[in-house]
Amino acid sequence: MRKLLMCMCILCLGHAASDDLKIAVGAGYKKPVLEVLKAYEQTYQGQKIDAMYGNMAQIFAHAKQMEITLVIADKKFLEKQKELSFVNYEKIGEGIAVIAYAKGVSFNNIEDLKNEQIKTIAMPEAKKAIYGDAGIEFLNTTKLYESLKDKLIVVATVPQVSSYVNTHEVDVGIMNLTAALDNIDKLGGYIKIPQEYYTPIEIVAGSLKACESDKICQEFIAFLKTPKAKEIFVKYGL
């Protein structure tokens with residue numbers, strides 16, 4: 001009987017874990033979302049939200065296989081994909097693209113990308129990450145792409161770009177303001193890419209149909225509108 005009760009308890013715990021709300025988040029926004037989730041779970045004690053992080057291609061692949069109810073990412077990326085049907089978008093903030101440079105690198109404006117001492121430029125892949133898309137648009141709009149293409153090192157996510165710049169494995173990297181602010185002590189600095197060079201980035205929480213009837217999902221969306229959540233997102237440059 002004791003063994004039977006233990007087995008029943010284990011099964012119940014496993015079921016509870018599988019019932020936790022699951023969301024997906026663009027990798028470049030992991031830090032602010034982790035902080036918002038912590039604040040949410042302190043407010044709604046006992047409520048648990050499982051978040052997975054990755055580039056857009058990884059998120060869409062996981063969302064098709066798992067019971068994802070909410071995706072936090074760039075609205076343009078969410079709208080143009082065809083495999084998930086979003087029923088509502090809650091705006092979180094505006095994404096800002098920056099060029100961050102490693103310590104010891106002299107960098108004052110975007111024209112400095114052409115300087116000989118800038119030998120490597122990391123950026124996320126355009127088809128998989130918001131800021132890769134913005135980066136390519138910036139390079140094409142400024143007609144810098146042809147002169148810089150041999151310096152480009154394309155990686156999967158913003159955190160990878162940030163890591164390369166932090167350790168000076170590359171001289172500069174195109175990333176978001178959120179990553180630059182989060183790693184400011186490890187960087188030489190950053191400059192914002194003028195908004196006129198890329199399409200505005202609107203960061204949203206996109207709800208899938210399952211969210212409409214999920215009490216925790218609706219509570220979390222309401223929490224995203226609170227001053228506490230907005231304060232955290234503003235702190236990270238959103």
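Author: In this predicted model, five strands form an open sheet in the order S7-S6-S8-S5-S9, and their pairing is mixed. Two of these strands pair on one side only, namely S7 (152–155) and S9 (189–192), which are the edge strands. From one strand to the next, the twist averages 30°.

Strands of a sheet pair through backbone hydrogen bonds, in either a parallel or an antiparallel sense. At the edge formed by S9, the pairing with strand S5 (residues 97–101) is antiparallel and extends over four bridges. Within this pair, Ile99 has Ile191 of S9 as its bridge partner.

Helices also lie across the sheet. Helix H5 (residues 130–141) lies across S5, S6 (121–124), S7 and S8 (172–176), and runs at about 125° to S6. Helix H7 likewise lies across S5, S6, S7 and S8, with an angle of about 145° to S8.

Among the residues that line the pocket are Lys30, Lys31, Val158, Pro159, Ser162, Thr178, Ala179 and Asp182. The lining as a whole divides into four nonpolar, four polar and three charged residues.

Key: Residues are numbered from 1 along each chain as its sequence is written. This is a predicted model: local features need pLDDT of at least 70, side-chain atom pairs count only at pLDDT 80 or more; totals for chains, interfaces and linings use all residues. Side-chain values use heavy atoms; hydrogens and water are left out. On a 1 Å grid over the protein atoms alone, a cavity is a set of points where a 1.4 Å probe fits but cannot get out, and a pocket is an open set with protein on both sides within 12 Å along at least five of seven lines; lining residues have an atom within 4 Å of a point. Ala, Val, Leu, Ile, Met, Phe, Trp, Tyr, Cys and Pro count as nonpolar, Asp, Glu, Lys and Arg as charged, and the others, Gly among them, as polar. Two strands pair if DSSP finds at least two bridges between them. Helices (H or I, at least four residues) and strands (E, at least two) are DSSP runs, numbered from the N terminus. Axes are lines fitted to C-alpha atoms, for helices over the stretch in contact, and angles run from 0 to 180 degrees between N-to-C directions. Contact means heavy atoms within 4.5 Å.
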